[in-house]
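Here are a few notes to go with your first look at this one. Have the viewer open and follow along point by point.

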Amino acid sequence: SGIPRDDILITSKLNNGFHDYDDALKALDGTLADLGVEQIDLFLIHWPLPEVGDYVQTWKALEKAYADGKARAIGVSNFQPEHLDHLEGEAPVVDQVEMHPTFNQAELRAELAKRSITPEAWSPLGQSKDLQDATITKIADELGVAPAQVIIRWHLQIGNIVIPKSVTPARIEQNLASANVELTDAQVQAINGVDAGNRLGGHPDTADF
(Lines give C-alpha, C1' and ligand atoms only; values in the text may rest on other atoms or scores of the structure.)
Protein backbone atom coordinates (compact mmCIF):
# COMPACT_ATOMS: atom_id res chain seq x y z
CA SER A 1 0.00 0.00 0.00
CA GLY A 2 2.93 2.36 0.61
CA ILE A 3 2.95 5.59 2.58
CA PRO A 4 0.32 8.30 1.90
CA ARG A 5 2.52 10.86 0.12
CA ASP A 6 0.24 13.83 0.79
CA ASP A 7 0.46 13.40 4.55
CA ILE A 8 4.15 13.36 5.39
CA LEU A 9 7.56 14.44 4.15
CA ILE A 10 9.91 11.48 3.88
CA THR A 11 13.59 11.98 4.65
CA SER A 12 16.21 9.25 4.85
CA LYS A 13 19.99 9.09 5.15
CA LEU A 14 22.60 7.00 3.42
CA ASN A 15 24.23 4.55 5.84
CA ASN A 16 27.96 5.04 6.22
CA GLY A 17 28.89 1.68 4.71
CA PHE A 18 27.46 2.61 1.30
CA HIS A 19 29.57 5.55 0.16
CA ASP A 20 30.75 3.97 -3.11
CA TYR A 21 28.82 5.32 -6.11
CA ASP A 22 27.04 2.10 -7.05
CA ASP A 23 26.46 1.13 -3.43
CA ALA A 24 24.82 4.48 -2.73
CA LEU A 25 22.39 4.07 -5.61
CA LYS A 26 21.52 0.54 -4.55
CA ALA A 27 21.02 1.70 -0.97
CA LEU A 28 18.54 4.35 -2.09
CA ASP A 29 16.67 1.78 -4.18
CA GLY A 30 16.49 -0.40 -1.08
CA THR A 31 15.14 2.51 0.96
CA LEU A 32 12.44 3.20 -1.64
CA ALA A 33 11.47 -0.46 -1.71
CA ASP A 34 11.34 -0.70 2.07
CA LEU A 35 9.09 2.36 2.25
CA GLY A 36 6.91 1.30 -0.65
CA VAL A 37 7.40 4.57 -2.56
CA GLU A 38 8.86 5.51 -5.92
CA GLN A 39 10.35 8.79 -4.77
CA ILE A 40 11.75 10.11 -1.49
CA ASP A 41 11.39 13.77 -0.55
CA LEU A 42 14.89 14.28 0.84
CA PHE A 43 17.92 11.99 0.85
CA LEU A 44 21.06 12.87 2.83
CA ILE A 45 24.65 11.67 3.10
CA HIS A 46 24.80 10.88 6.81
CA TRP A 47 28.49 11.73 7.47
CA PRO A 48 31.28 12.94 5.18
CA LEU A 49 33.79 10.38 6.57
CA PRO A 50 36.77 12.23 5.04
CA GLU A 51 39.25 9.76 6.51
CA VAL A 52 37.37 6.72 5.21
CA GLY A 53 36.16 7.26 1.65
CA ASP A 54 35.43 9.63 -1.20
CA TYR A 55 32.26 11.54 -0.34
CA VAL A 56 32.49 13.40 -3.67
CA GLN A 57 31.59 10.17 -5.47
CA THR A 58 28.81 9.65 -2.97
CA TRP A 59 27.43 13.07 -3.78
CA LYS A 60 27.56 12.29 -7.50
CA ALA A 61 25.40 9.25 -6.80
CA LEU A 62 22.84 11.44 -5.03
CA GLU A 63 22.88 13.82 -8.01
CA LYS A 64 22.11 10.84 -10.23
CA ALA A 65 19.20 9.86 -7.98
CA TYR A 66 17.92 13.43 -8.13
CA ALA A 67 18.22 13.57 -11.93
CA ASP A 68 16.37 10.26 -12.20
CA GLY A 69 13.52 11.54 -10.05
CA LYS A 70 14.11 9.12 -7.20
CA ALA A 71 14.69 11.98 -4.76
CA ARG A 72 12.88 15.31 -4.85
CA ALA A 73 15.79 16.95 -3.04
CA ILE A 74 19.26 15.92 -1.86
CA GLY A 75 21.43 17.13 0.97
CA VAL A 76 24.11 16.28 3.47
CA SER A 77 24.54 15.82 7.19
CA ASN A 78 27.49 16.76 9.37
CA PHE A 79 29.33 18.47 6.51
CA GLN A 80 31.72 21.30 7.31
CA PRO A 81 32.53 24.13 4.85
CA GLU A 82 35.70 22.38 3.70
CA HIS A 83 33.66 19.28 2.83
CA LEU A 84 31.10 21.35 0.95
CA ASP A 85 33.91 23.02 -1.01
CA HIS A 86 34.66 19.73 -2.75
CA LEU A 87 31.11 19.12 -3.98
CA GLU A 88 30.33 20.04 -7.56
CA GLY A 89 27.09 20.38 -9.47
CA GLU A 90 23.89 20.51 -7.44
CA ALA A 91 24.25 22.29 -4.11
CA PRO A 92 22.83 20.49 -1.07
CA VAL A 93 19.50 21.97 -0.01
CA VAL A 94 20.10 21.02 3.63
CA ASP A 95 23.03 20.39 5.94
CA GLN A 96 21.81 18.54 9.02
CA VAL A 97 24.21 19.12 11.90
CA GLU A 98 24.32 18.95 15.66
CA MET A 99 22.88 22.25 16.82
CA HIS A 100 21.33 23.37 20.12
CA PRO A 101 21.59 26.43 22.38
CA THR A 102 24.84 25.42 24.07
CA PHE A 103 26.31 24.46 20.67
CA ASN A 104 24.66 26.93 18.34
CA GLN A 105 27.05 26.66 15.37
CA ALA A 106 26.78 30.39 14.56
CA GLU A 107 29.87 30.37 12.34
CA LEU A 108 28.71 27.34 10.36
CA ARG A 109 25.19 28.75 10.02
CA ALA A 110 26.62 31.96 8.59
CA GLU A 111 28.64 29.98 6.07
CA LEU A 112 25.62 27.90 5.07
CA ALA A 113 23.60 31.08 4.55
CA LYS A 114 26.25 32.33 2.10
CA ARG A 115 25.79 29.09 0.15
CA SER A 116 21.95 29.16 0.34
CA ILE A 117 21.99 25.88 2.27
CA THR A 118 19.37 25.52 4.99
CA PRO A 119 20.63 24.27 8.38
CA GLU A 120 18.70 21.46 10.02
CA ALA A 121 19.34 20.67 13.67
CA TRP A 122 19.90 17.21 15.03
CA SER A 123 19.94 16.86 18.80
CA PRO A 124 18.06 20.20 18.84
CA LEU A 125 17.48 20.06 22.60
CA GLY A 126 21.06 19.06 23.37
CA GLN A 127 19.95 15.54 24.32
CA SER A 128 17.66 17.29 26.84
CA LYS A 129 20.66 18.78 28.66
CA ASP A 130 19.89 22.30 27.45
CA LEU A 131 16.40 22.12 28.97
CA GLN A 132 17.96 22.84 32.36
CA ASP A 133 19.89 25.94 31.26
CA ALA A 134 19.01 28.85 33.58
CA THR A 135 18.48 31.34 30.75
CA ILE A 136 16.10 29.00 28.95
CA THR A 137 14.10 28.07 32.06
CA LYS A 138 13.80 31.77 32.94
CA ILE A 139 12.38 32.60 29.51
CA ALA A 140 10.05 29.59 29.70
CA ASP A 141 8.73 30.85 33.06
CA GLU A 142 8.24 34.34 31.62
CA LEU A 143 6.22 32.99 28.71
CA GLY A 144 4.42 30.24 30.62
CA VAL A 145 5.63 27.52 28.28
CA ALA A 146 7.91 24.50 28.51
CA PRO A 147 11.70 24.89 28.07
CA ALA A 148 11.54 22.58 25.04
CA GLN A 149 9.08 24.95 23.39
CA VAL A 150 11.43 27.87 23.99
CA ILE A 151 14.33 26.01 22.36
CA ILE A 152 12.29 24.82 19.39
CA ARG A 153 10.96 28.32 18.81
CA TRP A 154 14.52 29.70 19.06
CA HIS A 155 15.57 27.30 16.30
CA LEU A 156 12.71 28.43 14.11
CA GLN A 157 13.35 32.12 14.66
CA ILE A 158 17.04 31.88 13.75
CA GLY A 159 16.18 29.96 10.57
CA ASN A 160 16.82 26.32 11.44
CA ILE A 161 14.76 23.34 10.41
CA VAL A 162 14.11 21.46 13.62
CA ILE A 163 12.55 18.04 14.15
CA PRO A 164 12.75 17.02 17.81
CA LYS A 165 12.54 13.31 18.45
CA SER A 166 9.68 11.99 20.56
CA VAL A 167 7.41 8.95 20.74
CA THR A 168 5.10 10.46 23.36
CA PRO A 169 1.88 11.89 21.84
CA ALA A 170 1.55 14.65 24.46
CA ARG A 171 5.18 15.67 23.95
CA ILE A 172 4.72 15.71 20.18
CA GLU A 173 1.68 17.98 20.56
CA GLN A 174 3.66 20.24 22.89
CA ASN A 175 6.49 20.43 20.39
CA LEU A 176 4.11 21.35 17.57
CA ALA A 177 2.61 24.08 19.75
CA SER A 178 6.04 25.75 19.75
CA ALA A 179 4.93 27.40 16.50
CA ASN A 180 2.56 29.51 18.60
CA VAL A 181 5.33 30.77 20.90
CA GLU A 182 6.99 34.09 20.05
CA LEU A 183 10.38 35.14 21.40
CA THR A 184 11.48 38.75 21.52
CA ASP A 185 14.73 39.75 19.87
CA ALA A 186 16.21 40.15 23.35
CA GLN A 187 15.18 36.61 24.29
CA VAL A 188 16.69 35.21 21.09
CA GLN A 189 19.93 37.05 21.81
CA ALA A 190 19.90 35.77 25.38
CA ILE A 191 19.63 32.19 24.13
CA ASN A 192 22.37 32.84 21.57
CA GLY A 193 24.52 33.84 24.52
CA VAL A 194 24.39 30.45 26.24
CA ASP A 195 26.59 28.88 23.56
CA ALA A 196 29.46 27.06 25.24
CA GLY A 197 30.80 24.85 22.47
CA ASN A 198 29.13 21.79 24.01
CA ARG A 199 29.46 19.32 21.16
CA LEU A 200 27.80 16.06 22.21
CA GLY A 201 28.33 13.94 19.09
CA GLY A 202 31.27 13.04 16.89
CA HIS A 203 33.33 15.64 15.07
CA PRO A 204 32.71 15.58 11.30
CA ASP A 205 36.43 15.88 10.50
CA THR A 206 37.38 12.73 12.36
CA ALA A 207 34.24 10.59 12.59
CA ASP A 208 34.82 7.18 10.98
CA PHE A 209 31.75 5.25 12.09
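1. Start with how two helices cross: helix 1 passes helix 2 in a right-handed crossing. Keep in mind as you look that this is a predicted model.

2. As for the geometry, helix 1 covers residues 21-35 and helix 2 covers residues 55-67. Their axes sit 8 Å apart and the packing angle is about 40°, which makes helix 1 oblique to helix 2.

3. Who does the touching? On the helix 1 side, the contact is made by Y21, A24, L25 and L28. Helix 2 brings Q57, T58, K60, A61, K64 and A65 to the contact. Sorted by class, the contact residues come out as six nonpolar, two polar and two charged.

4. The largest pocket holds about 260 Å³ of space, and its lining includes I152, L156, V162, I163 and P164. Helix 6 (147-157) and helix 7 (169-176) are the elements that each give two or more residues to that lining, with helix 7 giving the most, three residues. By class, the lining of the largest pocket has eight nonpolar and three polar residues, and no charged ones.

5. The second largest pocket has about 190 Å³ of space. Of its 14 lining residues, L125, S128, L131, A148 and R171 lie nearest the centre. Helix 6 and helix 7 turn up here too, as the elements giving two or more residues to the lining, and helix 7 supplies the largest share, three residues. The lining of this second largest pocket divides into seven nonpolar, five polar and two charged residues.

Definitions and conventions
Residues are numbered from 1 along each chain as its sequence is written. This is a predicted model: local features need pLDDT of at least 70, side-chain atom pairs count only at pLDDT 80 or more; totals for chains, interfaces and linings use all residues. Side-chain values use heavy atoms; hydrogens and water are left out. Axes are lines fitted to C-alpha atoms, for helices over the stretch in contact, and angles run from 0 to 180 degrees between N-to-C directions. Helices (H or I, at least four residues) and strands (E, at least two) are DSSP runs, numbered from the N terminus. Angles under 35 degrees count as roughly parallel, over 145 as roughly antiparallel, 65 to 115 as roughly perpendicular and the rest as oblique. A crossing is left-handed if the near helix is turned anticlockwise from the far one by less than a right angle, and right-handed if clockwise. Contact means heavy atoms within 4.5 Å. Ala, Val, Leu, Ile, Met, Phe, Trp, Tyr, Cys and Pro count as nonpolar, Asp, Glu, Lys and Arg as charged, and the others, Gly among them, as polar. On a 1 Å grid over the protein atoms alone, a cavity is a set of points where a 1.4 Å probe fits but cannot get out, and a pocket is an open set with protein on both sides within 12 Å along at least five of seven lines; lining residues have an atom within 4 Å of a point. Grid points are joined across faces, edges and corners, and a volume is the space filled by probe spheres set on the points.
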